[in-house]
Amino acid sequence: PKIDASFEAGSYKIFKESTGISGANNKVNYAFNITRIDSSGISAAKGGAEDDGYKNTTLSSRAGLSLSDNANLNLILRYTDARSDLDDAGWDDDPNYTGKGKTFISKIEFNQVIKPWWNHKLSLSYLHIKRDYNDGIDNVGNYTDIFKMHSWYKGDNKKIEWQNNFPITAADTITAGMEYEREGASSLYKLG
């Protein structure tokens, strides 16, 4: 096993910490990582004085299994949780307008070399995303929020792919396959 860790700092109180572990043997390979980013930010509003901060935590992992000399199975997972301070239309500071987002991605894939002239890959993937926005009543600068605002968006994407590769020369490959994808989404916008 190999362990990595890093720390970075920059302007606008940006801090990034990351750590992970990875390793492999003849049958299994893996990698797990966590990253955190924090920033006090700058004002997104033109001429604004209130900083708009940002926070992000990301977890990612990959695991692979060798099933034989010619076939392997891989699993990839990624999760992100982020929060941003926002401003009204980019023109005025808004100290209580926030956006939150969560994303989950997963993919499993099977790779196999069947013959020297034929290899294929079958994969299933799933993506889920959710965004939340909240803005309370306030009176800052030239802009007045007289209502509370809450909105959200949820989206899903499911996909299956089967790709077949037929190398005919060292430089040329014929590829054939199929793909099926289904997307869905819902949203809400509410004042008051």
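Guide: Let's start with Asp38 and Lys55, whose side chains meet in a salt bridge with 3.7 Å from N to O. The term salt bridge stands for a side-chain nitrogen of Lys or Arg within 4 Å of a carboxyl oxygen of Asp or Glu. Strands here are DSSP runs of E with at least two residues, numbered from the N terminus. Side chains of opposite charge can pair when their charged atoms come close.

A word on the ground rules: this is a predicted model, in which local features need pLDDT of at least 70 and side-chain atom pairs count only at pLDDT 80 or more, while totals for chains, interfaces and linings use all residues. Residues are numbered from 1 along each chain as its sequence is written, and side-chain values use heavy atoms, with hydrogens and water left out.

Now to how open these partners are. Asp38 is buried, at a relative accessible area of 19%, whereas Lys55 is partly exposed at 40%. The cut-offs are under 20% relative accessible area for buried and over 50% for exposed, with partly exposed in between (1.4 Å probe, protein chains only).

Asp38 also forms a salt bridge with Arg36, where the closest N and O atoms are 2.9 Å apart. Arg36 counts as partly exposed, with 29% relative accessibility. Through shared partners, salt bridges join Arg36, Asp38 and Lys55 into one network. The structure holds five salt bridges; another one of them runs between Asp85 and Arg83, with 2.8 Å between the closest N and O atoms. Arg83 is partly exposed at 31% relative accessibility.

The two strands behind our pair are neighbours. Strand β3 (residues 28-42) pairs with strand β4 (residues 52-66) in the antiparallel sense over 13 bridges, where pairing requires that DSSP finds at least two bridges between the strands.

Stepping back, β3 and β4 belong to an open sheet of nine strands with antiparallel pairing, in the order β1-β2-β3-β4-β5-β6-β7-β10-β11. At its edges stand β1 (2-10) and β11 (173-191), each with a single partner strand, so one side of each is left without a neighbour in the sheet.

Further along that order, Leu77 is found in strand β5 (residues 71-85) and is partly exposed, with a relative accessible area of 31%. Leu75, Leu77, Ile108 and Leu124 make a nonpolar surface patch of about 290 Å². Such patches take residues with over 30% relative accessible area and no salt bridge, nonpolar side chains (Val, Leu, Ile, Met, Phe, Trp, Tyr) being joined within 5 Å and like charges within 9 Å. The areas come from the Shrake-Rupley method with a 1.4 Å probe; for residues, only the protein chains shown count as cover.

Finally, the rings. The count comes to five aromatic pairs, and ring pairs link Trp117, Trp118 and Phe166 into a cluster. Rings of Phe, Tyr and Trp (its six-membered ring) pair if their centres lie within 6.5 Å; planes under 30 degrees apart count as stacked, over 60 as edge-to-face and the rest as tilted.

How values were computed
Helix = DSSP H or I, 4+ residues; strand = E, 2+ residues; numbered from the N terminus.
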